[in-house]
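Have the model open as you read.

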Amino acid sequence: MDLLIKNGTIVTAKESYKADVAVNDGKIVAIGSNLDFDADKVVDAGGKLVLPGAIDVHTHLAMPFGGTVSADSYLAGTRAAACGGVTTVFDYPVQHSGETIMGLINSKKEVLEKEACVDYAFHCCITDLNGGEILDEMETAVKEGITSFKCFFVYKKEHMMVDDATFVRLLLRAKELGAKINLHAENPDLIDMRTEQFLKEGKTSAWYHYLSRPEFVEAEADKRAVHWATHLDAPLYIVHMADKEGLEECIKAKTEGHELYIETCPQYLEFTCDVYKREDGRNFVCSPPMKGKESQDALWTAIKSGMIDTVATDHCPFQSYEKDWGKDDFTKIPNGCAGIENLYPYMLDAANSGKISFERAVELCSTNPAKIFGCDNKGSIEIGKDADIVIYDKEKDFTISVNNMHSDCDHTIWEGKKLHGYPVQTYLRGSLVYDNGDFVGTPGNGKYVKRSTSK
Ligand code: URP
Ligand code: ZN
Ligand code: ZN
Ligand code: ZN
């Protein structure tokens, strides 16, 4: 055996129990009490939890966006991931007009082969069908393990937005291929109209970023998307859900039996739109923006009831000087925040304080992401799965600060957040990549995860 983790409490989406875990060749090969193998390395996890590594299914690494490039390279982003107990990262490369899916994905793979500190997969953002060629190419992409594609209803200026017909074509094609469409739902025309009005009135602070796209602007787009997906009987995954009304529409469709998935992010669970009134409000600017308390409460209710399927980060950091471009004009603030290292510790802290169970935290951050997106070897501490393992100390206190994060970003919206309980070790396919505060992995050791379809 390569590794034997003894005396810990294993947590799966279904149960928690005391057992040892044996790892060989990167896989979990035995689970049981008092396992007695010879192993190269024996770890005593007595008093600690043994969890599957988290799967962050929503990140934007080294992404050209908002007049710059997001601040974490593939190396920095996946290093930070490892240190937060994330062992698989999904990136969102953006296909632009004239580009092919596989041309884009292969260029990203080349970088990740050298830089990835954890395993990685791609959802491909489609912005232009190239006269229909992309619909054909989606079949090849699916065979290569790219089994989900993303549409933006917003970001006209960035040439990322798709029109309604394109969205519907993609929904239908994905359904045919057993793939999924992920959607960023907000109404672009309303955002433009309200933005123009605020700028004319000299209302330029970060607070007006929120008011340019408040609750009903997201809700309208959620409803429109759910309407089509349900009528066309096509699966739909809504990313970074942040508003109550849209959430309720999704829950209704799910309850009626439609294949609809809901993702939210830690920032919507922790912060409300009040952060945009702060002096440093621009650092919190992301889209959709944080919403009011009512929406936040509804998100927590759906987290507890099982109606939200996944929690992921939308990690898309920008440096302070870039956020400062929008000091006097919220439209110049690059949209996005850091979070990849905070996802699992934050959700596990919610479990540790009794808000949700540890099983539910594991389900939201690892098991469901693996199931929904076809990572068949990941998402649980089970025999035969990859040995992506986090050892978690329920008693370790941790205060988030830019100084103890492993991202390249020079600030964090989570500064000062106190957590009770924290990961102490992360193993990627049996290799230690994070040890008590330090990244100890090797860039390039992360592997591409070829995903399956739902067919
Ligand atoms: O503000 C955000 N969320 N930036 C990243 C791009 C996106 O919309 O997911
Ligand atoms: Zn988005
Ligand atoms: Zn209808
Ligand atoms: Zn995003």
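Start with ligand 1: around it you'll find H60, H184, C286, S287, D314, C316, N335 and G336. Sorted by class, this shell has two nonpolar residues, five polar ones and one charged one. Keep in mind as you look around that this is a predicted model.

Domain 1 brings 24 residues to the contact between them, and domain 2 brings 23. On the domain 1 side, β5 (49-52), β18 (389-399), β19 (418-428) and β20 (431-435) each put in at least two residues. The largest share of that side belongs to β19, with seven residues. As for its make-up, the side of domain 1 that touches domain 2 counts 15 nonpolar, five polar and four charged residues.

What about the interior? In soluble globular proteins, nonpolar side chains tend to be buried together. Here the largest nonpolar core runs to 144 residues, and the members touching the most others are V50, V118, L236, I238, L343 and M347.

Setting aside its neighbours within four places in sequence, V50 is in contact with I5, G8, T9, I10, V11, V21, A45, I381, I389 and I391.

Methods: Residues are numbered from 1 along each chain as its sequence is written. Chains are lettered from A and ligands numbered from 1 in the order in which they are written. This is a predicted model: local features need pLDDT of at least 70, side-chain atom pairs count only at pLDDT 80 or more; totals for chains, interfaces and linings use all residues. A nonpolar core is a set of buried Ala, Val, Leu, Ile, Met, Phe, Trp, Tyr and Cys residues joined through C-beta atoms within 7 Å. A residue is buried if 20 or more other C-beta atoms lie within 10 Å of its own, exposed if 12 or fewer, and partly exposed in between; C-beta atoms are placed from the backbone. Two residues are in contact if their C-beta atoms, placed from the backbone, lie within 7 Å. Helices (H or I, at least four residues) and strands (E, at least two) are DSSP runs, numbered from the N terminus. Ala, Val, Leu, Ile, Met, Phe, Trp, Tyr, Cys and Pro count as nonpolar, Asp, Glu, Lys and Arg as charged, and the others, Gly among them, as polar. A residue is near a molecule or strand if its C-beta atom, placed from the backbone, lies within 6 Å of it.
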